[in-house]
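Biologist: I would like to learn how to read a few features of a structure, one at a time. Please show me the model, and then I will ask.

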Amino acid sequence: MEAELGETTLSLGYIVSRSDNPFAEINGRDVYIGSEIEGFTVETIEADRVVLRNADGELVLRVP
């Protein structure tokens, strides 16, 4: 999944959904709940999506 936001692109590679310390790969980097990437903060990581937030609102990246 890829999201183009002006000059910023967020690309979701994979999600590792687990009860303890889930993580995902966005733009080639492992991110965890609370991580910041490209001006967004990771809010939740679920089996099929990652929810991020910035000053403009929420962005959801889903597994295709």
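Biologist: Is Phe23 buried or exposed?

Modeller: First, note that this is a predicted model. Burial is judged by relative accessible area, and under 20% counts as buried. Phe23 has a relative accessible area of 13%, so Phe23 is buried.

Biologist: Which ring does Phe23 meet in a tilted pair?

Modeller: The ring of Tyr32. The two centres are 5.4 Å apart and the planes lie at 40°, so the pair is tilted. Tyr32 is partly exposed, with a relative accessible area of 30%.

Biologist: How many aromatic pairs does a search of the whole structure find?

Modeller: Two. In the other one, Tyr14 and Phe23 are edge-to-face, with 6.4 Å from centre to centre and 80° between the planes. Tyr14 is partly exposed, at a relative accessible area of 35%. Tyr14, Phe23 and Tyr32 together form one aromatic cluster.

Biologist: What is the bridge partner of Phe23 in S4?

Modeller: Tyr32 again. Strand S3 (residues 23-26) and strand S4 (residues 29-32) run antiparallel and are joined by four bridges. The hairpin they make has two residues between the strands, and Asn27 there takes a positive phi near 55°.

Biologist: Where does Ser35 lie?

Modeller: In the loop between S4 and S5. Ser35 is buried, with a relative accessible area of 16%. Its side chain reaches the backbone nitrogen of Tyr32 at 2.8 Å. Setting aside neighbours within four places in sequence, Ser35 is in contact with Arg29, Phe40, Thr41 and Val42.

Biologist: Which residue in S6 stands opposite Glu36?

Modeller: Thr41. S5 and S6 pair in the antiparallel sense over two bridges. They belong to an open sheet of four strands, ordered S5-S6-S7-S8 with antiparallel pairing. Strand S5 (36-37) and S8 are the edge strands, each pairing on one side only.

Biologist: Next, the core. Which residues of the largest nonpolar core touch the most other members?

Modeller: The general idea comes first. In soluble globular proteins, nonpolar side chains tend to be buried together. Here the largest nonpolar core has 15 residues, of which Leu12, Ile26, Val50, Leu52, Leu59 and Leu61 touch the most other members. The elements that give two or more residues to this core are strand S2 (8-16), S3, strand S6 (40-45), strand S7 (49-54) and strand S8 (57-62).

Biologist: How many salt bridges does a search of the whole structure find?

Modeller: Four. One of them joins Glu43 and Arg53, whose closest N and O atoms are 3.0 Å apart. This pair links distant parts of the chain, with Glu43 in strand S6 and Arg53 in strand S7, ten residues apart. Glu43 is partly exposed at 33% relative accessible area, and Arg53 is partly exposed at 34%.

Biologist: What distance separates the closest N and O atoms of Asp48 and Arg62?

Modeller: In that salt bridge they are 4.0 Å apart. Asp48 is in the loop between S6 and S7 and Arg62 is in strand S8, 14 residues apart. Asp48 is partly exposed, with a relative accessible area of 39%, and Arg62 counts as partly exposed at 41% relative accessibility.

Terms used. Residues are numbered from 1 along each chain as its sequence is written. This is a predicted model: local features need pLDDT of at least 70, side-chain atom pairs count only at pLDDT 80 or more; totals for chains, interfaces and linings use all residues. Side-chain values use heavy atoms; hydrogens and water are left out. Rings of Phe, Tyr and Trp (its six-membered ring) pair if their centres lie within 6.5 Å; planes under 30 degrees apart count as stacked, over 60 as edge-to-face and the rest as tilted. Buried means under 20% relative accessible area, exposed over 50%, partly exposed in between (1.4 Å probe, protein chains only). Two strands pair if DSSP finds at least two bridges between them. A nonpolar core is a set of buried Ala, Val, Leu, Ile, Met, Phe, Trp, Tyr and Cys residues joined through side-chain atoms within 4.5 Å. A polar contact is a pair of N or O atoms within 3.5 Å; within protein, one must be able to donate a hydrogen and the other to accept it, and residues adjacent in sequence count only if both atoms are side-chain atoms. Contact means heavy atoms within 4.5 Å. A salt bridge is a side-chain nitrogen of Lys or Arg within 4 Å of a carboxyl oxygen of Asp or Glu.
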